[in-house]
Amino acid sequence: MRKLTLMMSTTLDAKVAGSAGSLDWFLVDEGIEAARLDVLRSIDAMIFGRVSYELLADFWPTAGAAAVDDGPGGFTSPQRADEFAHLLNTIPKIVVSHAPPELRWGPARSMSGDDVVGAVRALKAEEGRDLVLFAGAELATTAIDADLVDEYRLMVHPIVLGKGLPLFDRIQAERTLELLDSTRFASGVVELRYRPQPTAGDAA
């Protein structure tokens, strides 16, 4: 059984984007880059919501050292930017969408949003390395509500937006989590790693 990790950057008030979809509050440092690269080196596939996929597809297919200056969050060295771009451009991507998306950033395939829970369960049951959900808030909510997430890996940025796109406001039921690890980076970002505790139904 493969593990599914939800990996997202959030603000202190659990927003994943500003009120206009802005991501200009992202911070970066060498430690954050190293943590991101460690994850990408260890997985077999990335799962995206359509909007998240399309945003990244506008930049990464032709990116490389240019990401030092104008990539999402920037990078501190051309070498890390090149490796990050190489991994993102070669790891298989699965795009969840209710309508067939334009898969201009490969290797990629689509997954129907009408049966995403069953499809992700089938993916997790396959042999191979782990999967990462780089999702929008809607897909993350679906995965959490269906108990598909085996680990939460949240990069919490030291900013409160007030208005913006919240991550957890539509979760249907309470979730109890166990803290696995926390890491403070030089930029002030804190990575929190949790795994879900069994629900009453699971324990029975």
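**Sheet, pocket and backbone features of the predicted model**

Strand 3 is mostly covered, with six of its seven residues buried; buried denotes under 20% relative accessible area, exposed over 50%, and partly exposed the range in between, for a 1.4 Å probe and protein chains only. The model is predicted, so that local features require pLDDT of at least 70 and side-chain atom pairs count only at pLDDT 80 or more, whereas totals for chains, interfaces and linings use all residues. Residues are numbered from 1 along each chain as its sequence is written, and side-chain values use heavy atoms, with hydrogens and water left out. Helices (H or I, at least four residues) and strands (E, at least two) are DSSP runs numbered from the N terminus.

Two strands are taken to pair if DSSP finds at least two bridges between them. Strand 3 is parallel to strand 6 (residues 130–133), to which four bridges join it; Ile-43 has Asp-130 of strand 6 as its bridge partner. Strand 3 also pairs with strand 4 in the parallel sense, over four bridges, and here Met-46 stands opposite Lys-93. Strand 1 (residues 4–11) and strand 7 (residues 151–157) run parallel and are joined by seven bridges, with His-157 of strand 7 as the partner of Thr-11.

The largest pocket holds about 1200 Å³ of space. On a 1 Å grid over the protein atoms alone, a pocket is an open set of points with protein on both sides within 12 Å along at least five of seven lines, a cavity is a set where a 1.4 Å probe fits but cannot get out, and lining residues have an atom within 4 Å of a point. Grid points are joined across faces, edges and corners, and a volume is the space filled by probe spheres set on the points. The pocket is lined by 42 residues, of which Met-8, Ser-52, Phe-134, Ala-135 and Gly-136 lie nearest its centre. Helix 2 gives the most to this lining, with five residues. The lining comprises 27 nonpolar, ten polar and five charged residues; Ala, Val, Leu, Ile, Met, Phe, Trp, Tyr, Cys and Pro count as nonpolar, Asp, Glu, Lys and Arg as charged, and the others, Gly among them, as polar.

The count of cavities of 30 Å³ or more is one, and the largest cavity contains about 50 Å³. Its lining residues include Leu-4, Ile-47, Val-96 and Leu-133. Helix 6 gives the most to the lining of the largest cavity, with three residues, and the lining divides into nine nonpolar, one polar and no charged residues.

A cis peptide bond joins Gly-106 and Pro-107, with omega about -5°; Pro-107 is in the loop between strand 4 and strand 5. Ala-14, not a glycine, has a positive phi of about 60° and is placed in the loop between strand 1 and strand 2. Ala-14 is partly exposed, at 23% relative accessibility. Asp-147 likewise has a positive phi, near 55°, and is located in the loop between helix 6 and strand 7. The relative accessible area of Asp-147 is 42%, which is partly exposed.
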